[in-house]
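Reader: I would like to learn how to read features from a structure. Can we take them one at a time?

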There are 2 protein chains.
Amino acid sequence: MQSITTSSYSVHFNDLAYKALNQHLDKSGYSTLFILVDENTFDHCLPGFMAQIEGDYHFEVIEIEPGEVHKNIETCTQVWGALSELEADRKSVLVNLGGGVVTDLGGFVASTFKRGIDFINVPTTLLSMVDASVGGKTGVDLGPLKNQIGVINQPVMVLIVTEFLNTLEERQLHSGFAEMLKHGLIRDKGYWSALKSLNNFDLIDEFIHDSVVIKNQVVLQDPTEQNLRKTLNFGHTLGHAIESYFLASESHETLLHGEAIAAGMILEAYLSQQLTGLSQTELDEIKGTFAKRYPKVDFSEDDIFNILGLLKFDKKNSHGNINFVLLESIGEAVLDIRIPQDLYFPAFAYYKE
Amino acid sequence: MQSITTSSYSVHFNDLAYKALNQHLDKSGYSTLFILVDENTFDHCLPGFMAQIEGDYHFEVIEIEPGEVHKNIETCTQVWGALSELEADRKSVLVNLGGGVVTDLGGFVASTFKRGIDFINVPTTLLSMVDASVGGKTGVDLGPLKNQIGVINQPVMVLIVTEFLNTLEERQLHSGFAEMLKHGLIRDKGYWSALKSLNNFDLIDEFIHDSVVIKNQVVLQDPTEQNLRKTLNFGHTLGHAIESYFLASESHETLLHGEAIAAGMILEAYLSQQLTGLSQTELDEIKGTFAKRYPKVDFSEDDIFNILGLLKFDKKNSHGNINFVLLESIGEAVLDIRIPQDLYFPAFAYYKE
């Protein structure tokens with residue numbers, strides 16, 4: 001598959017990925033290659049990755065605990081400390097080999113270590129391949145608040161090796177697939193239609209490429225999130241609040257990111273039907289597509305109040321207003337819609353129907 | 001005094017500073033003004049500062065503990081948490097009112113909160129006025145290692161109000177004065193000569209302006225520290241190691257930054273005389289100037305070993321080499337000089353003479 005060029009770096013796929021990596025390492029003269037992994041990617045991805053590196057470099061591996069609950073400043077402090085102890089210098093490079101936690105946290109650690117060293121992202125989950133490959137968002141959570149601390153900074157390259165998807169459980173694949181469906185909803189009805197009838201993840205490679213292309217088009221047109229880029233937030237305003245709430249709540253099982261935003265997209269599609277002209281047919285099509293693929297979340301009235309309480313912390317807001325991205329139709333998003341307070345509970349009621 | 005324009009913002013002085021601030025606040029439409037202070041600037045600077053703000057804005061004050069020992073990630077986490085709790089959004093601004101700890105830490109906190117909000121620096125110490133006003137370096141310490149964590153990011157404006165210097169002890173003024181002397185040594189012999197005969201800090205305003213101009217020229221020519229900007233590191237390679245060591249050591253009193261780099265400049269001037277052609281006369285002039293103004297540090301042999309052990313962590317190094325900025329003469333610096341190991345102890349011996 002063809003490489004995709006972003007504002008300042010390229011996303012390379014499969015065989016071309018390793019070729020590009022080896023060429024880059026050969027010419028860069030890094031002092032040390034630090035590879036950031038979690039327990040899972042240490043076992044399942046690191047051996048295959050290392051086998052593809054041709055040159056003779058000085059390596060160090062840094063391992064963090066897996067899971068969103070460890071995507072925080074304490075883990076950053078451990079990684080910064082490990083880099084210092086292992087004598088990382090400004091000519092070191094950090095290779096982030098893992099899912100979104102590893103790439104988001106590793107990108108932030110690299111961007112802030114000695115005021116910034118090079119980093120390379122090698123996403124190993126479907127979610128991080130399609131979502132974190134372009135855009136330069138790095139960061140960690142602050143308590144229950146997702147991605148409150150971070151910077152925008154670009155990796156020197158991103159390598160997508162779809163073989164790593166074989167190491168994932170189906171639930172993880174579905175989580176990433178939700179972001180791909182979102183790319184169709186906000187931008188490309190044809191892509192949405194093709195995706196929603198995809199039943200075999202073995203055929204997903206070309207679709208991953210398409211999703212990265214869509215996200216890249218959006219980010220290139222609006223790198224600083226003044227307008228178009230906000231459309232990527234469809235389903236995320238409520239979805240993030242749901243994800244945060246379930247992460248912090250002791251009485252609920254944690255939702256994967258895609259599962260939370262799948263619920264968020266159904267809710268926000270309902271708001272779109274109420275406020276921005278999304279047809280009832282398309283609303284039902286959206287709900288039906290997600291309902292078929294994702295378990296229904298059981299929201300109590302208390303849960304809903306708590307979730308709405310978390311909304312105000314969303315990064316997209318200012319001056320106390322909550323701005324939503326909604327849909328006019330499948331493939332067409334609109335920005336900066338304010339929601340009348342009395343629509344939230346009906347949205348959850350529609351979700352539960 | 002005339003404002004100084006940097007790459008992306010201006011440094012305003014005294015009356016013009018408050019005028020520029022009021023104009024900026026009037027047009028920016030910030031949702032909330034957060035003012036970051038420490039215990040000292042809360043008492044001595046905040047009332048005077050607030051009295052000069054003309055509009056009617058929503059204010060919140062966040063206070064941190066004073067001192068370099070609190071310039072760390074834990075304090076950042078407190079400030080990030082306070083911003084979240086006080087519902088800071090992307091249209092909030094953080095005004096850092098304090099010395100280098102407040103401006104460096106506050107700049108980092110603002111640059112990373114929700115991936116970056118505006119910040120305004122109001123340095124209240126001589127050191128932060130002449131050193132931290134331009135260049136965009138933000139950051140905090142990691143254990144004993146100075147400024148290991150940070151980003152390069154610019155404030156929206158810097159306000160230098162020299163009245164705040166009246167709140168400082170003489171020792172603090174001398175600490176900042178060391179950076180001004182450095183500006184002369186690396187760049188402008190005339191400025192060095194004028195400064196070294198200055199005996200009354202009441203006459204310092206114009207010199208502050210000159211120092212900011214010098215630093216700004218350097219940073220504008222080399223924003224990413226490829227070459228010229230490295231000259232600002234004169235005295236700092238050993239000076240930072242000395243400062244770190246005294247900060248972490250329980251048996252030594254902590255040195256102020258300027259006191260540590262004054263010792264560093266004498267040591268590195270000795271290395272310059274040995275390696276890069278600095279004359280004995282100018283070396284003695286440099287040592288004499290600093291010896292007159294700064295207390296002599298009593299380095300034991302153990303201290304020296306420990307200090308040299310910290311050198312490898314300096315951010316300017318790569319591939320295990322230690323690169324020094326040295327002088328060819330007063331006003332002329334040279335870059336990337338490697339030091340033969342057997343010169344360090346003679347340098348300390350010269351310092352002690």
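Reader: In which strand of chain B is the place of B:Asp336?

Author: First, a caution: this is a predicted model. B:Asp336 sits in strand S11 of chain B, residues 332–338.

Reader: What is the phi of B:Asp336 near?

Author: Phi of B:Asp336 is near 55 degrees, a positive value in a residue other than glycine. Check the cover next. B:Asp336 has 42% relative accessibility, so it counts as partly exposed.

Reader: Where is B:Glu87 found?

Author: B:Glu87 belongs to the loop between helix H4 (73–85) and strand S5 (93–98) of chain B. Its phi is positive too, about 60 degrees, although B:Glu87 is not a glycine. The relative accessible area of B:Glu87 is 44%, which means partly exposed.

Reader: Now hairpins. Which residue takes a positive phi in the hairpin of S7(B) and S8(B)?

Author: B:Gly143 does, with phi near 60 degrees. Two residues lie between the strands of this hairpin. Then read the pairing. Strand S7 (residues 140–142) of chain B and S8(B) run antiparallel, joined by two bridges. B:Leu142 faces B:Leu145 of S8(B) across the pair.

Reader: How many of the five residues of strand S8 of chain B are buried?

Author: Five of five are buried in S8(B), residues 145–149, so the strand is mostly covered under the rule that buried means under 20% relative accessible area.

Reader: Are A:Glu243 and A:Lys146 buried or exposed?

Author: A:Glu243 has a relative accessible area of 4%, so it is buried. A:Lys146 is at 9%, so it counts as buried.

Reader: Which residues are linked with A:Lys146 in a network of salt bridges?

Author: A:Glu68 and A:Glu243 are linked with A:Lys146 in that network.

Reader: What does A:Glu282 form with A:Lys189?

Author: A salt bridge, with the closest N and O atoms 2.8 Å apart. A:Glu282 lies in helix H12 (residues 280–293) and A:Lys189 in helix H8 (residues 189–196), both of chain A, so the pair ties together parts 93 residues apart in sequence. A:Glu282 counts as buried at 12% relative accessibility. A:Lys189 is partly exposed, with a relative accessible area of 38%.

Reader: Which side chain meets that of B:Lys196 in a salt bridge?

Author: That of B:Glu285, at 3.6 Å, N to O. Again distant parts of the chain are linked, 89 residues apart: B:Lys196 is in helix H8 of chain B, B:Glu285 in helix H12 of chain B. B:Lys196 is partly exposed at 26% relative accessible area. B:Glu285 is partly exposed at 23%.

Reader: Last, surface charge. Which residues form a negative surface patch?

Author: A:Glu39, A:Asp43, A:Glu63 and A:Glu65 form it. Patch members must have over 30% relative accessible area and no salt bridge. A:Glu39 has 39% relative accessibility, so it counts as partly exposed. A:Glu39 is in helix H2 (residues 39–44) of chain A.

Definitions and conventions: Residues are numbered from 1 along each chain as its sequence is written. Chains are lettered from A and ligands numbered from 1 in the order in which they are written. This is a predicted model: local features need pLDDT of at least 70, side-chain atom pairs count only at pLDDT 80 or more; totals for chains, interfaces and linings use all residues. Side-chain values use heavy atoms; hydrogens and water are left out. Patches are made of residues with over 30% relative accessible area and no salt bridge: like charges are joined within 9 Å, nonpolar side chains (Val, Leu, Ile, Met, Phe, Trp, Tyr) within 5 Å. Accessible areas come from the Shrake-Rupley method with a 1.4 Å probe; for residues, only the protein chains shown count as cover. A salt bridge is a side-chain nitrogen of Lys or Arg within 4 Å of a carboxyl oxygen of Asp or Glu. Lys and Arg count as positive and Asp and Glu as negative; His and the chain ends are not counted. The place of a charge is taken as NZ of Lys, CZ of Arg, CG of Asp or CD of Glu. Helices (H or I, at least four residues) and strands (E, at least two) are DSSP runs, numbered from the N terminus. Buried means under 20% relative accessible area, exposed over 50%, partly exposed in between (1.4 Å probe, protein chains only). Two strands pair if DSSP finds at least two bridges between them.
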